[in-house]
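I opened the model to look at one helix, the core and the ring pairs. My entries follow.

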Amino acid sequence: MTKNKYLFPFIMITSLFFMWGFVHNLDPVLIPHLKRSFSLSTLQASLVDSAVFIAYFVMALPAGFLLRKYGYKKGIIIGLAFFALGSFLFIPAANTQAYVFFLGALFIIACGLTILETAANPYASLLGPPETATFRLNFAQTFNGLAAAMAPVIGVRVILIKGLSDEQLSTMTESAKQLALASEASSVKTPYFIIGSVILVIAVIFLFLRLPEIKEEDDSQDEKTGIFHALRHKHLSWAVAAQFFYVGAQVCVFSFFIIYAPFAAGISQETAGNYAGGLGLAFLLGRILGTFLMKFMKPELMLRIYALINVLLCIVAMTAGGTLALFSVIGIAFFMSIMFPTIFSLGIKDLGRDTKLGSSLIIMSIVGGAILPPVMGYISDVTHNIQIGYIVPLICFIVVFVFGLKGHKIVKN
């Protein structure tokens with residue numbers, strides 16, 4: 001960031017990290033809201049997360065090809081257009097009272113987020129000196145953490161409006177009940193309209209912004225590109241695997257916390273919700289401190305230290321009870337905070353022409369967030385013990401540790 005020409009573009013790129021972090025962290029509020037409004041089972045309500053993570057899997061490679069063909073700036077504008085469109089679709093979704101319409105809107109938003117993350121993560125790391133690339137990406141991701149702390153607090157107040165009680169609903173006719181629930185469902189219109197409008201403004205700014213198109217360096221004249229060519233970079237293949245397991249671990253920790261806390265500590269769900277706020281705050285503080293420490297420590301060293309600490313904390317989460325169990329999970333959130341951007345920046349390092357495609361492959365691995373949590377849930381159901389389910393994030397952090405130990409090393413082919 002020593003060159004002033006990079007300052008405003010970096011600020012705008014950083015705003016993208018905040019916006020996708022904000023809309024992502026409205027999903028935990030949206031799930032109970034739609035569950036009640038449509039009288040859904042827990043499994044049906046969980047399709048909110050499925051719609052999002054499937055979009056990442058489906059769109060990641062097309063996003064990479066899109067960036068290679070049109071460049072970062074046009075790719076970002078297209079991603080913002082999808083983001084805004086999906087947000088505005090919440091209005092007709094609420095009007096028609098069709099759950100599948102909500103899922104479709106979320107899928108379109110996530111398609112836009114996939115393009116944005118595929119573009120913004122490598123762009124933030126390339127927008128300045130190579131030696132500070134990981135620091136820059138962690139700094140930008142800090143605003144993602146800020147959004148993660150803010151979104152649930154705001155979302156609860158503007159989406160989870162206090163409606164009729166279950167007792168009142170039970171005395172109503174079916175048509176009157178559906179009308180009342182439809183009124184509650186409409187509370188999503190205003191917040192998502194505001195989000196869509198803000199995204200449109202950001203898109204217009206990017207349209208007129210003179211965004212420098214970074215050319216990735218390539219030491220050879222080899223014109224070959226493609227998925228298999230990109231995966232010949234062993235550190236990229238390792239990064240794809242590490243990111244798959246990391247994202248799976250993160251979703252496990254956040255999604256199951258309000259189930260875990262009452263079981264392990266014997267507290268109410270309301271109290272568990274308060275501790276969940278501490279979970280988001282710990283994640284944010286971890287990002288801030290980790291970004292600062294990265295000035296003095298090599299990213300790969302921090303990654304393996306943090307991963308090893310989280311392996312130990314998972315063991316505590318599996319075996320301890322009471323306050324110790326709760327704070328062990330909060331500690332996991334703190335120490336996993338730097339993992340996504342660090343794995344990402346180490347994975348795309350020195351990829352040359354394969355940088356954009358490599359970025360899309362790492363983003364594609366976010367599908368781990370759709371696959372590993374059901375595994376943890378299955379283990380918990382079979383054993384009737386959510387704490388034993390923490391064997392899943394434990395294994396995930398072992399994979400991240402191995403990536404930080406040797407997987408990140410660049411091997412010349």
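Which residues are exposed on the other side of H10? I found Thr190, Val201 and Phe208 there. Exposed means over 50% relative accessible area, buried under 20%, partly exposed in between (1.4 Å probe, protein chains only).

A note on the source: this is a predicted model, where local features need pLDDT of at least 70, side-chain atom pairs count only at pLDDT 80 or more, and totals for chains, interfaces and linings use all residues. Residues are numbered from 1 along each chain as its sequence is written, and side-chain values use heavy atoms, with hydrogens and water left out.

Next I took H10 itself, residues 189–208. Helices here are DSSP runs (H or I, at least four residues), numbered from the N terminus. Among its buried residues I noted Tyr192, Ile199 and Phe206. The buried residues of H10 fall within an arc of 130° seen down the axis, so they line one face (the arc uses directions from the helix axis to the C-beta atoms). They pack against H1, H2, H4, H5, H6 and H7.

I then checked Phe206. Beyond neighbours within four places in sequence, its contacts (heavy atoms within 4.5 Å) include Met12, Leu16 and Ile77.

Last, the rings. Rings of Phe, Tyr and Trp (its six-membered ring) pair if their centres lie within 6.5 Å; planes under 30 degrees apart count as stacked, over 60 as edge-to-face, the rest as tilted. I got 15 aromatic pairs. Phe88 and Phe193 have centres 5.7 Å apart and planes at 50°, so that pair is tilted. Phe88 sits in helix H4 and Phe193 in helix H10, 105 residues apart.

Definitions and conventions
Helices (H or I, at least four residues) and strands (E, at least two) are DSSP runs, numbered from the N terminus. The expected span of a helix is 1.5 Å times one less than its number of residues.
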